[in-house]
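Please read the following note with the structure open beside it. It is written for a reader who is new to protein models.

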Amino acid sequence: MPTTALYRDDFYLATAEGVVTRIHEDGAIELDQTCFYATSGGQPGDTGLFERADGSKIEIALTRHGESKDIILHQPAEGQALPSIGEKLVLHVDWPRRYKLMRMHTACHLLSVVCPYPITGAAVGEDESRVDFDMGETIDKEQVTADMMRLVEENHPVFVQWITDEELAANPAIVKSKNVRPPIGMGRVSLVCIGENSSVDSQPCGGTHVSETQEVGAIHIAKIEKKGKENRRFRIRFGTPEALT
């Protein structure tokens, strides 16, 4: 049975109710609906707690997709009690962790605006993210940081628009990633848009993001690494270089 992914329509939904529909052999819990983000597109899945009717808690160590993208599995930490089929649970996302990931993922989008090169890889982390670009030339990390912070301070709106799989197929140029294709097969694809009328950026992405760029806060490029003749890895961290030296 498909899981309704509540986070797709509200990135700020940190608590919700869900009914257990299946328990897998490895203990993974499947629900009718969830606000827990499943690992995808370089962004880690959510962690948190499930609260039972008696007040006891089930610690969730990982959220991932099942055999298809419309199945979401919640993996309990080792030694946790398991709920019963049909049991109603209150779901609590680890919000401080999720919010940091939302800020970081949005920062990765800003970097892709500042560096308009094909993306060859990316990984979103709580304290550091990386984005790999297909580019041969050198670039000044202080200038990249300044350009990203300008976008943060201009406080552009960040929002999602939905297009059909067919519309995406007809406009392949909007995909910045060179190696990873956007999540298709569910009938619609989310476009993460930055700026009024998408004036800053628009690209397919199934991750979670903040609602305006100032929420990203202070960020900087900590390092640019050469990974082959035509590949550069940018490492994004929170804070300012001056504050960390």
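Predicted model: local features only at pLDDT ≥ 70, side-chain atom pairs only at ≥ 80, totals over all residues.

1. Helix α2 covers residues 141–153, which is 13 residues.

2. Which residues of α2 are buried? They are V144, T145, M148, M149, L151 and V152. Because these residues cover an arc of only 155° around the axis, they lie on the same side of α2. The elements covering them include helix α1 (95–114) as well as strands β14 (219–226) and β15 (232–238).

3. After α2 comes N155, a residue with a positive phi, near 55°.

4. H156 is located in the loop between α2 and β11 (158–164). Is H156 buried or exposed? Its relative accessibility is 15%, and buried means under 20%, so H156 counts as buried.

5. Leaving aside residues up to four places away in sequence, H156 touches L151, I194, G195, V200, S211, E212 and T213. One of these, L151, is also among the buried residues of α2. Another, S211, is 55 residues from H156 in sequence, yet their C-alpha atoms are 8.7 Å apart in space.

6. The side chain of H156 also makes a polar contact of 2.6 Å with the side chain of E154.

Key: Residues numbered from 1 in each chain as written. Heavy atoms only, no water. Helix = DSSP H or I, 4+ residues; strand = E, 2+ residues; numbered from the N terminus. Expected span 1.5 Å × (residues − 1). Buried < 20%, exposed > 50% of the residue type's maximum accessible area, 1.4 Å probe, protein only. Arc of directions from axis to C-beta. Contact = heavy atoms within 4.5 Å. Polar contact = N/O pair within 3.5 Å; in protein donor to acceptor, adjacent residues only side chain to side chain.
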